[in-house]
Amino acid sequence: SVRSQVLDSADFGVPQTRKRIVFIGIHSSLEVEPPILRGSGAVSSFSLERRNGGERVRYSVRSDRDLFAPLQRLQDADDSTFVTAQQALGDLEVLKAGERCDVLQADAIAPPTSEYQRRMRKGLGGVLTNVSVPRLNEDTRIRLSRLPPGGNFRDLPKELTRRYLTGAKWGPSNGTGLLGRQHYYAYRRLHPDLWSWTLNTKADSVYHYRHARALSVREFARLQSFPDRFVFTTDPRPGALLGRIDGGSAHSRYRQVGNAVPPLLARAIAATLVKLLSADAR
């Protein structure tokens, strides 16, 4: 007996909206129906609302339900039911663009300021891995300086929508001399007071809500709900290897995280099945 559902990871304590179709099957001999998973309802409670405000677009959190109860939970750093980008990443703001070292002493980062950060750091030893941050080209730095939190390339002023700003040619061009639809994913800035956009496998799929930089693999992992004790690695041998992808070891690590099922979503599915099957055994 099989049931399918569309689940969003943000409804299960993950600081990222990530919709996936999940199929749950239970052998008919058990004579129980597959469960319907019910999350927190976070996704249906909030959204980002654009409002014209002078020269730039302002973003605010909007509640579609009872205004106060969900909003209080969202803003409560000790409530890990609804988790915002800042509650997930706030202790990692020491990371800087262009930092090549991939290991950091754990005591070099700020103390945790949310229940989610404490949960992610549980079991961490003396070092934090996967903390290197990609370099930022000058065109991107200029655009990020004018991009509001929660915004994308459509929120840029007209003069910053030219494909190349400083004369340096980089990345693909659509021939129009302007940014195109493919740049929607190249210029997206997190909103600190809401969960992240859906991550993909590229380091530039989202940018930090406060600092002009991309995210490290560790920050990708935080937004996917991987604890800090997880280490994402690649085969250290140089050259072409069976299964090695183009783009080098850094891209491989972003791809590992970006393609994953968030552990907290997987845990919620497993816990529901354990409860159902344990009740059936009794």
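Visitor: R222, buried or exposed?
Guide: Buried. In this predicted model, R222 has 0% relative accessibility, so it counts as buried.

Visitor: What does R222 pair with in a salt bridge?
Guide: D228. The closest N and O atoms of R222 and D228 are 2.9 Å apart.

Visitor: And D228, buried or exposed?
Guide: Also on the buried side. D228 has 1% relative accessibility, so it counts as buried.

Visitor: Which residues are linked with R222 and D228 in a network of salt bridges?
Guide: D91 and R121. Together with R222 and D228 they form a salt-bridge network.

Visitor: How many salt bridges in the whole structure?
Guide: The search finds twelve.

Visitor: What does E93 form a salt bridge with?
Guide: R210. The closest N and O atoms there are 2.6 Å apart. The pair links distant parts of the chain, 117 residues apart. E93 is in the loop between α3 and β5, and R210 is in the loop between α5 and α6.

Visitor: Then R146. Which residue forms a salt bridge with it?
Guide: E159. For R146 and E159 the closest N and O atoms are 3.7 Å apart. R146 and E159 both sit in the loop between α5 and α6, 13 residues apart.

Visitor: What are the accessible areas of R146 and E159?
Guide: R146 has a relative accessible area of 29%, so it is partly exposed. E159 has 46%, so it is partly exposed too.

Visitor: Switching to the nonpolar side. How many residues in the largest nonpolar core?
Guide: The count is 24. Those with the most contacts inside it are L89, L190, V206, L215, F220 and L223.

Visitor: Which elements give two or more residues to this core?
Guide: Four helices: α3 (85-89), α4 (115-121), α6 (217-224) and α7 (248-258). The largest share comes from α6, with four residues.

Visitor: What does V206 touch?
Guide: Leaving out residues up to four places away in sequence, V206 touches R188, L190, S196, W197, L199, A214, L215 and F220.

Visitor: Why would nonpolar side chains end up together?
Guide: In soluble globular proteins, they tend to be buried together.

Visitor: Which residues are buried in α7?
Guide: H251, S252, R253, Y254, V257 and G258. The cover over the buried residues of α7 includes α6.

Visitor: Now the surface. Which residues make the nonpolar patch?
Guide: V2, V6, I21 and F23. The patch is about 460 Å². The elements giving two or more residues to it are β1 (2-8) and β2 (19-25).

Visitor: Where is F23, and buried or exposed?
Guide: F23 is in strand β2. At 59% relative accessibility, above the 50% cut-off, F23 counts as exposed.

Visitor: Backbone next. What is phi of N130?
Guide: Near 60°. That is a positive value, and N130 is not a glycine. N130 sits in the loop between β6 (127-129) and α5. N130 has 1% relative accessibility, so it counts as buried.

Visitor: What is phi of S225?
Guide: About 80°, positive, in a residue that is not a glycine. S225 is in the loop between α6 and α7. S225 has 2% relative accessibility, so it counts as buried.

Visitor: Last topic, confidence. What is the average pLDDT?
Guide: The protein averages 87, and 91% of the residues score at least 70.

Visitor: Where is confidence lowest, and where highest?
Guide: Lowest in strand β4 (residues 56-63), at a mean of 53. Highest in α6, at 98.

Visitor: Which residues have a pLDDT below 50?
Guide: The stretch 53-57 falls below 50. Beyond near neighbours in sequence, that stretch has ten contacts in the model.

Terms used: Residues are numbered from 1 along each chain as its sequence is written. Side-chain values use heavy atoms; hydrogens and water are left out. A nonpolar core is a set of buried Ala, Val, Leu, Ile, Met, Phe, Trp, Tyr and Cys residues joined through side-chain atoms within 4.5 Å. Buried means under 20% relative accessible area, exposed over 50%, partly exposed in between (1.4 Å probe, protein chains only). Contact means heavy atoms within 4.5 Å. pLDDT is the predictor's confidence in each residue, from 0 to 100. Patches are made of residues with over 30% relative accessible area and no salt bridge: like charges are joined within 9 Å, nonpolar side chains (Val, Leu, Ile, Met, Phe, Trp, Tyr) within 5 Å. Accessible areas come from the Shrake-Rupley method with a 1.4 Å probe; for residues, only the protein chains shown count as cover. A salt bridge is a side-chain nitrogen of Lys or Arg within 4 Å of a carboxyl oxygen of Asp or Glu.
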